[in-house]
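I opened this notebook to record what I looked up in one structure.

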Amino acid sequence: MITKEQVLHALSHVDDPDLKKDLVTLNMIKNVEITPSAIRFDVVLTTPACPLKGHIEHACRNAIALFIDKDIAVDINMTSRVVGMQSNQLPNIKNIILVASGKGGVGKSTVAANLALALQANGAKTGLIDADIYGPSVPIMFGVEGARPRASKTETGKTKIEPIEKYGLKLLSIGFFTDPNQPVPWRGPMVSTAVKQLFNDANWGELDYLVVDLPPGTGDVHITVAQGFPISGAVVVTTPQNVALSDAVRGIGMFLMDSINIPLLGVVENMAYFTPAELPDNKYYIFGKDGGKRLAERFEAPFLGEIPLVKSISDSGDNGLPVMMDEDNPARAAFLEIAGKVAQQLAINQAVV
């Protein structure tokens with residue numbers, strides 16, 4: 001009769017490629033069941049968006065065949081438990097991901113919205129904060145311009161804001177609390193207070209990931225969020241041109257300052273190339289090529305991926321239906337790949353910590 005110890009010994013020869021340790025040492029093997037004709041067990045990954053899920057499952061099957069029996073049936077349940085930072089401030093939120101850019105107009109909000117949706121599509125509980133005080137776009141991008149969050153009472157009597165829910169995401173934007181037709185002259189202290197309320201005064205529930213869309217540049221909002229909350233990492237969005245890249249360098253430099261010290265999860269290159277709808281296999285690098293890759297290499301950070309310049313991406317945001325919700329759109333695959341790499345990098349960082 002095969003024993004549990006034999007199964008664990010076999011699986012101790014399977015390493016997590018990111019964490020560089022074997023699955024048994026990482027306590028990823030759960031619920032081992034053995035019958036005369038089959039072996040069943042769970043592999044608990046560090047994120048449902050793990051891009052190496054198939055590789056790990058294949059390695060487990062090979063280990064059982066090599067060390068136990070090549071003819072026995074193997075039933076593997078690939079599941080996940082997202083790792084996160086331990087914080088008393090926001091104990092129910094495992095990871096806060098900042099999405100930033102050095103300058104405006106590079107598609108940062110589009111990336112933030114679709115990154116959140118891609119993480120959620122992989123099975124993670126996800127929220128999105130639109131902290132772009134000066135140009136909140138989440139209400140338009142999700143088709144909830146007229147939405148007004150309601151308030152609720154907690155068991156301790158505190159009043160909390162209930163995020164708006166759309167496409168499975170929990171959303172909060174400063175745009176939900178202002179008149180889109182009226183300018184709001186924000187002063188520094190007002191900005192900090194408003195942003196803090198989006199984090200502290202909202203009933204987010206339990207989240208694996210909270211994605212935060214920051215304003216362009218390096219201003220009051222960035223300092224308030226970076227120094228006031230337990231941030232897991234930042235994603236920087238750029239376009240290929242030198243002007244955008246030079247501004248992105250300053251944005252990255254802010255996160256790496258000793259007084260802020262936020263891990264750089266990677267660089268996303270938006271509008272990387274133009275692909276005509278009638279020629280989907282053609283790529284025209286109209287703004288330059290590989291600028292985002294070179295930026296990532298300069299800071300020894302992951303290059304998370306390229307997003308093409310296609311009209312359907314901007315149209316989807318304008319119509320309140322982000323491109324991630326269109327399963328036939330080829331750009332959807334790019335965001336899913338980026339989400340997998342972001343989750344992967346978070347898991348690596350948590351293991352190092």
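The entries below follow the order of my searches.

**Basis.** I worked from a predicted model, in which local features need pLDDT of at least 70 and side-chain atom pairs count only at pLDDT 80 or more, while totals for chains, interfaces and linings use all residues. Residues are numbered from 1 along each chain as its sequence is written, and side-chain values use heavy atoms, with hydrogens and water left out.

**Aromatic pairs.** I searched the whole structure and found three aromatic pairs. I counted rings of Phe, Tyr and Trp (its six-membered ring) as paired if their centres lie within 6.5 Å, with planes under 30 degrees apart as stacked, over 60 as edge-to-face and the rest as tilted. One of them, F142 with Y167, is tilted, at 6.1 Å centre to centre and 40 degrees between the planes. The two residues are 25 apart, F142 in the loop between helix 4 (138-141) and strand 8 (151-153), Y167 in the loop between strand 10 (164-166) and strand 11 (169-173). Helices (H or I, at least four residues) and strands (E, at least two) are DSSP runs, numbered from the N terminus.

F142 is buried because its relative accessible area is 0%; Y167, at 23%, is partly exposed.

I also noted F199 and F229, a stacked pair with 4.1 Å between centres and 20 degrees between planes. F199 lies in helix 5 (residues 188-200) and F229 in the loop between helix 6 (220-228) and strand 13 (233-238), 30 residues apart. Both are buried.

**Cores.** I defined a nonpolar core as buried Ala, Val, Leu, Ile, Met, Phe, Trp, Tyr and Cys residues joined through side-chain atoms within 4.5 Å. The largest has 86 residues, and I96, L98, F142 and F199 have the most contacts inside it. Its largest share, eight residues, comes from helix 3 (residues 108-121). I then found a second, separate core of 22 residues, including V14 and L23.

**Strand 11.** Four of the five residues of strand 11 are buried. I took two strands as paired if DSSP finds at least two bridges between them. Strands 10 and 11 form a hairpin with two residues between them, and Y167 in the turn has a positive phi of about 55 degrees.

Key:
Buried < 20%, exposed > 50% of the residue type's maximum accessible area, 1.4 Å probe, protein only.
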